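Here's a quick walk through one protein model, written for someone who likes cut-offs spelled out. Have a look at the fold, then read on.

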Amino acid sequence: MREFPAVDAYSCIDKAFGRTEESDRLFLEAIRENYLFQLSCQSYVRALMERYDFSPEDLKGPEDVLKLPPVFVDTMKYHRFISVPEKDVIMTLTSSGTSGQVTQALFDRPGVERIQRISSKIFNDIGFCSSRPAGYLMFSYAREDAQSIGTSWSDEQEMKCAPVSEEKWLLRKNDEGIFDFDPEEAVDALADMAERGPVRLLGFPSFIFQTLDELDRQGRSIQVDGDSFVIAGGGWKNHAGVPMTQSEFASELERRIGLPKENVRDLYGMVEHGIPYCSCPMGHHHVPVFSRVAVRHPVTMEFMPHGEEGLLQLISPWNVAQPNCSILSSDLVRVEKDCPCGIPGEYIASIRRGGKKKHKGCAIAAQEILDKVRADREGR
């Protein structure tokens, strides 16, 4: 198996936030190493290079990595783009929930080890981790049913943030092979776990909100341990699919079950890129030293300044199995810097889905499950 010493060295940077000259050097060398490898085996990358009039020799300083010609995220839904021998691929993850055109994200063993090392560093430094064991209530696709669904694998990785005392996955396939959710089962599990110590609620906010609603419907009261924690993902929507903010969601959790607002966090990411962007208590998703972000004008592709909205470009060299050093997403974001929370560097201040077409990602597929659950209950 070919070795990538610069990519490996970059993945071992010891602090997730606060860029230094040394971390910038390691990032630039890793980008050079990975990009030159992709050029040697991917004709599409060479075509993009010519189209953007780019050369690897343009990578002279830390900010030059933003010039890497991006692969549009939808392109990866139609092309598998494998850059390593097929025998070296040990894991494939897909981008969407249960159906539709999906990306196949490929990983070799060193790649899996790199992203696990990077994610652990980010989770720890953003404040997600605790040494106190907790019961995990997983508002996500059960691992044994999910197979290659990327968000389920990601949620499983988040279970390393605190020792697991017990776990329960709540989105499971029914007898018809369709993912289903039972709010009454979720309430019972939350009540049982809350009696034994801290609980950690991971997954789609809409399902967590539906559980709170079921708690009210049953007239039950639950107070969780003060070390309980939420790591949400998939967009801030309540059980009815109505958008809300992290602050509004946190206030509801604190009011209904006593879970501290500052312990309600979120994670933004995509399987085509892999790096997790974790929120601080203020709801801002921080950019770690393991990646760079840029905001592009949707029409001209010019770089947008801080505070202005445009398409999100994501850059990271950790995965050599596919040519995804630079990805252009269809999400519209605003990027700012110097968050009042004190974490240094840039952060993503707002995120919304771009384009006229409703891409069926994990969150949309999950919302359809919840819509069916609500319709069935209202029809009783």
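**Ground rules**

This is a predicted model, where local features need pLDDT of at least 70, side-chain atom pairs count only at pLDDT 80 or more, and totals for chains, interfaces and linings use all residues. Residues are numbered from 1 along each chain as its sequence is written, and side-chain values use heavy atoms, with hydrogens and water left out.

**Overall fold**

How much of the protein counts as buried? Of the 380 residues, 56% do. Buried here means under 20% relative accessible area, exposed means over 50%, and partly exposed is in between, with a 1.4 Å probe and protein chains only. As for contacts (heavy atoms within 4.5 Å), take those with a separation of 6 or more: 69% of them are between residues 24 or more positions apart.

**Helix pairs**

Now for the packing. Axes are lines fitted to C-alpha atoms, for helices over the stretch in contact, and angles run from 0 to 180 degrees between N-to-C directions. Angles under 35 degrees count as roughly parallel, over 145 as roughly antiparallel, 65 to 115 as roughly perpendicular and the rest as oblique.

Start with H2 (residues 21–41) and H3 (residues 43–51), whose axes come within 6 Å and cross at roughly 110°. That angle makes H2 roughly perpendicular to H3. On the H2 side the contact uses Tyr35, Gln38, Leu39, Ser40 and Cys41, while H3 brings Ser43, Val45, Arg46 and Met49. By class, that's five nonpolar, three polar and one charged. For the classes, Ala, Val, Leu, Ile, Met, Phe, Trp, Tyr, Cys and Pro count as nonpolar, Asp, Glu, Lys and Arg as charged, and the others, Gly among them, as polar.

Next up, H8 (residues 183–194) packs on H9 (residues 205–218) at about 85°, with the axes 9 Å apart. H8 and H9 are therefore roughly perpendicular to each other. Pro183, Glu184, Ala186 and Val187 of H8 meet Gln210, Thr211, Glu214, Leu215, Arg217 and Gln218 of H9. The H8 and H9 contact has four nonpolar, three polar and three charged residues.

How do H5 and H7 pack, and at what angle? H5 (residues 109–126) and H7 (residues 150–158) sit at about 55°, with their axes 11 Å apart, so the two are oblique to each other. The contact consists of Val112, Ile115, Gln116 and Phe123 from H5 plus Trp153, Gln157 and Glu158 from H7. These residues split into four nonpolar, two polar and one charged.

H7 is largely enclosed by the rest of the structure, because seven of its nine residues are buried. The buried ones are Gly150, Thr151, Ser152, Trp153, Asp155, Gln157 and Glu158.

**Single residues**

| Residue | Relative accessibility | Class |
|---|---|---|
| Met301 | 18% | buried |
| Ser350 | 22% | partly exposed |
| Pro85 | 43% | partly exposed |
| Asp338 | 56% | exposed |

Met301 sits in the loop between strands S12 (292–296) and S13 (310–315). Its phi is near 65°, a positive value in a residue other than glycine. Asp338 also isn't a glycine, yet has a positive phi of about 60°; find it in the loop between S14 (326–337) and S15.

Ser350 belongs to strand S15 (residues 346–353). Which residues does Ser350 touch, not counting those up to four places away in sequence? They are Leu332, Val333 and Arg334. Ser350 and Val7 are 343 residues apart along the chain, and their C-alpha atoms are separated by 30 Å.

Pro85 lies in the loop between helix H4 (75–78) and strand S2 (89–94). From Pro85 to Tyr44 it's 41 residues in sequence and 18 Å in space, C-alpha to C-alpha.

Notes
Helix = DSSP H or I, 4+ residues; strand = E, 2+ residues; numbered from the N terminus.
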